[in-house]
Structure formats: C-alpha cells, structure tokens
Amino acid sequence: MTKRLEPEHWEKHLTRLQLREGGFSKELMYKVKERVEMKQPPIGRKRWLRWSPALACALVLTVGWTQADRLVEGLSKLSKPREKAALEAMDPNKEKTLKVSYFHETTFMMQYGKAFTIRYPNVEVKVATGIGSPPYAEINRPNLEEQMEKDKPDVLALSLPEYAKLAKEGKLYALDDVIRQEGFDLQNMHSGVVDMLRTEGGGKLYGLAPDYDQLALFYNKELFDKHGMSYPKNGMSWEELLQLASRFPSGPNAKDRVYGLAIRAYSDPYDLVLQAGKAKGLNVLDPSGKQVTVNTPEWQKVWTAVLDAARGGYMYEQPTMKGSFTREDMYKANLFMTGQAAMTLQSYGFVKELNEAATKYKMAPIPWELATEPTDPSRPNESSSFSVGTIYAVNAASENRREAWELVKFINSEEATRKMLTQTVGSYSTPARLPSLPTVKGQEKLVEAFTSLRPSAEPQETPVVPTEFYSAFRELAVQLSKDVLNGKKTVSQATQELQTSGQQALIQAKNAAQKKPAGAQAPVGSGTP
C-alpha cells in the first residue's frame, strides 16, 4: 500500500512529475480558466459535470497542489447558474500597478506585499504612506479625502473611525457582492469583527480586518494549587477578580512575595479603572462630546474597587524601565514570568513571549492557563477591551478594483494568517480567522479565551473631540489616582476634581482646534483617555 504523502510532500513530489504527450498544456489551462469565468454556462454543462471530479483530480496532479484551490473553486462555479460578475476576472498577462495606503512601506511589503506579488507577478505593489494609521490608532484626519485625491490609492489601510467615515461618504467599494460571488469564507472569521465592520458600514461590508486586539486573564496554576485556591473561571466580574487577587498572602520579604494580579508593563491602576468602567458601559464623555461625565456614583465605585486593590498591596504595578535594556531584562522584570504574580491581563502575543522567555532565555517555564477577561454581570458576553485592528478596504474610485480586492482577500486569507502566527515576538494582535489559532502552542482554552467574547452590542457612537483633550485628560486622571493611593485625596475628591479640570481641558482643546488651519486639525474618533 502506498504511503500517503502530507500536503507539503505533495508539492515536492509534484515538482518531479514530467508532462508527457497528452498532458495539459499551459494554453489548455488558460482555456479552462476562461471557460470557468464565462458569464453563461457551456453547452452540455450537466453532462460535463458528471466526470468533473475525475478531471479535477487530473488537473491537480498536473499543475500542482498550489493550484488546487483555484481549480476546485472554478469547477464549483459551473455547477450553478452564473450571476452577473461583481468583478471581472484578472488578466494574468496584463501588467498592473496597485497602490496601497499604509503607514510604513517596509512593514507592509514584508507582511503582505512580497508574498502577493509572488502569487501575482503581473501586479506591482506600491505603498503610499500619506494615508492610514498605525494599528489600533483612532486618529480620524479631516484632510483624509484630500490625501486620497492626491495619492489615489487602490487599497486603503484604515482605523475604525476612518473606515466608518469613508463608508458613509461613499468613498469605499462595497464588498458584499464579490464576497458572495466568490464564496469568500466569512464563517471562519471572528463574527464580532465582521459584525462590527458591517455595523460601522451601515449594514454593508466595505472592508475586512485580519486581526483584532483583546485581553484575556493568564493565571499561574502552580500558585493557585500551592495556596489551595480554585482557578479563575470564564465570566468573572471585576469585583470577583480583585477579591480573588486579594486572597494571595504576601511573603515576609519582597523577594518571596506573591502578588495576586500584575498590571501590564507601561500601564497603571488608572488603566484598570478605565477598563472596568468600560465593562459597565461607563464613558468619560456624554454622547455629544460636550460634557465630561466622571463624577458619578458608578465611576466612584469603580475607582474605589481598583485603587483599594492597589493600596492593599496585592496588585503589582511594574515600574517603567529606563535607559537601555534588553528583551530578557523586560521578561525578568515581569513578575508573572518570574512566578511572583498569580494573574495578569494580557494580549494574545503574550503567549509568544512566555514561550520565548522559557526557550530562548532559559527562564523557568510558567504553568499558565487562561480565562476570559472580567466582564460585567449585565453584559456577560461582551469584551471591554475589544478593538478592531487595521481595516483593508478598496477605494470606490479605483480603476483596479479586481486587483485591489485580490489583495484585500489575500491579506484576510488562511495563508496570510498562518504567516502571521509564525511572526516574531511583538505581534500582539489576535487573528480574526479562527481555524488557524489552534496551530499556536497552547490548548483549547487559548482559543476560547480570545474568541468567546464579543464587542459591545451597543453602537459605538463616540464623540469626535480633539486629540489634545484625551492626552490632557489621561494625565490628570493618572495623577489623581496616585493622589488617592498616597492618601492625599479621597475618591470623591479625585473624581470631582477630574470632572472640573477635565471639562476645562475639553473646552481648551476645542478652542485650540478651531484656531488651527483646517488641514492641521486632528480630531479623533474613539480615543481612550
């Protein structure tokens, strides 16, 4: 019995096959492709389809495994009446130049551009850096349309506010028809990502996002076992998380001490205040963007719960590292990685860092497991940290819509996802395409923790206010939270002062923005103070 070859061995095996007399020529392959893309089915279609599986196998063996997906897709199209094509097929013999907006040329070409041009050698990809935001940036530039008119990109890399704005103005090409035409797989993408893009697009999809950001609760099983405590579970509230963290006893000295919860690097207690408040549906501004709304009983309860945990000594805030330091230095300063913290809220990329710390830097491996991030009991299925990553869309005015769609499709493909999962440490985003997640080192809970929650069910109508407000507001909030921790102010005093000073900062930022030239203004869509 012949031993079955794995897919990667099939490719190597097929490269050694010689086309003999009677084999399929390149010209015949183009004729098959041309027939597949015809608007009307050929005469005798049903009879031809009776032996199409055998033909499909023959074609696969002839042209190689890498072409199988295109052949199967093409043959399947012949089994049903053809509708009018949303986009005509690409001409592989016609040279094309595809312009892409992205914030950094080298990064895009390494991630997607080079691989795409290998697949489509007749398409040259050029990157225009004038449009587009870094991943997860919330900047919404008022001169976006002017930049589009100047650069004339075919594919745009956008933040969520930019995407919503351009979709509303009719500047993006709706993808629903071509997705339906080609049977593009949306089922195996995170439904929360797809639904959010459809909602922001007024019911239609004008772009796709290959990744998103979200937190999950990592915990050290060994520490929980040592202290005879039950493991964290999915769906805990913020109050339950903080109570669980408080149960870990502190040791006789700093070296032996175990913290219940470690805050992420470059974060502080106010970040947890903000996230816990967001989980309860609280905002720092009213929907109109005219009034700061932080001096309320609800916000004060959140401030009290989080800051009491920090004051109680069972929540660890990692000091900011100064001067030059290595990745190994960062890992050894992380108390969860050194086994001195029982829990930490981290992004998906933390898995890679845990593995690297153990394998490359020979740190003691942590017996970690995951649970979902804390939620509010009234919103048990919603993530307060969920945010969509870079959205790739097709310019409605593009003359290369087919090529542009092929690039968007490629960026959101299984193939690109697999490449993303093998990237070096530092990629914190979570792939939106779910089937590839189990290929990363980890168990089923890894996938569950990052995929079972959804973004807020309520429309994200965030007021447009100047960037300067958010930076000023955050600075005030961080300082006031420190004043509470140091006993200089009560929570009530801190929220009242933040309300008054924050309102002044809002007015000043808006006045300053009005005095700037139109092209220099920088309002934001959904910034986080």
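This is a predicted model: local features need pLDDT of at least 70, side-chain atom pairs count only at pLDDT 80 or more; totals for chains, interfaces and linings use all residues.
1. Three strands make up an open sheet in the order 11-5-13, and their pairing is antiparallel. Strand 11 (387-388) and strand 13 (430-431) are the edge strands, each pairing on one side only.

2. Have a look at how strand 5 meets strand 11. Strand 5 covers residues 211-213 and runs antiparallel to strand 11, with two bridges joining them. Within strand 11, Val388 is the bridge partner of Tyr212.

3. The structure has 23 aromatic pairs. One of them is Tyr212 with Phe386, where the ring centres are 5.0 Å apart and the planes make an angle of 15°. This counts as stacked because the angle between the planes is under 30 degrees. The pair links distant parts of the chain, as 174 residues separate Tyr212 in strand 5 from Phe386, which sits in the loop between strand 10 (368-372) and strand 11. Both residues, Tyr212 and Phe386, are buried.

4. A second pair, Phe469 with Phe473, is tilted, at 5.4 Å centre to centre and 45° between the planes. Both residues belong to helix 20 (residues 467-485) and are four residues apart, about one turn of the helix. Phe469 and Phe473 are each buried.

5. Finally, there is an aromatic cluster for you to pick out in the viewer. Phe218, Phe336, Tyr348, Phe350, Trp368 and Phe450 together form one cluster.

Technical notes
Residues are numbered from 1 along each chain as its sequence is written. Side-chain values use heavy atoms; hydrogens and water are left out. Two strands pair if DSSP finds at least two bridges between them. Rings of Phe, Tyr and Trp (its six-membered ring) pair if their centres lie within 6.5 Å; planes under 30 degrees apart count as stacked, over 60 as edge-to-face and the rest as tilted. Buried means under 20% relative accessible area, exposed over 50%, partly exposed in between (1.4 Å probe, protein chains only).
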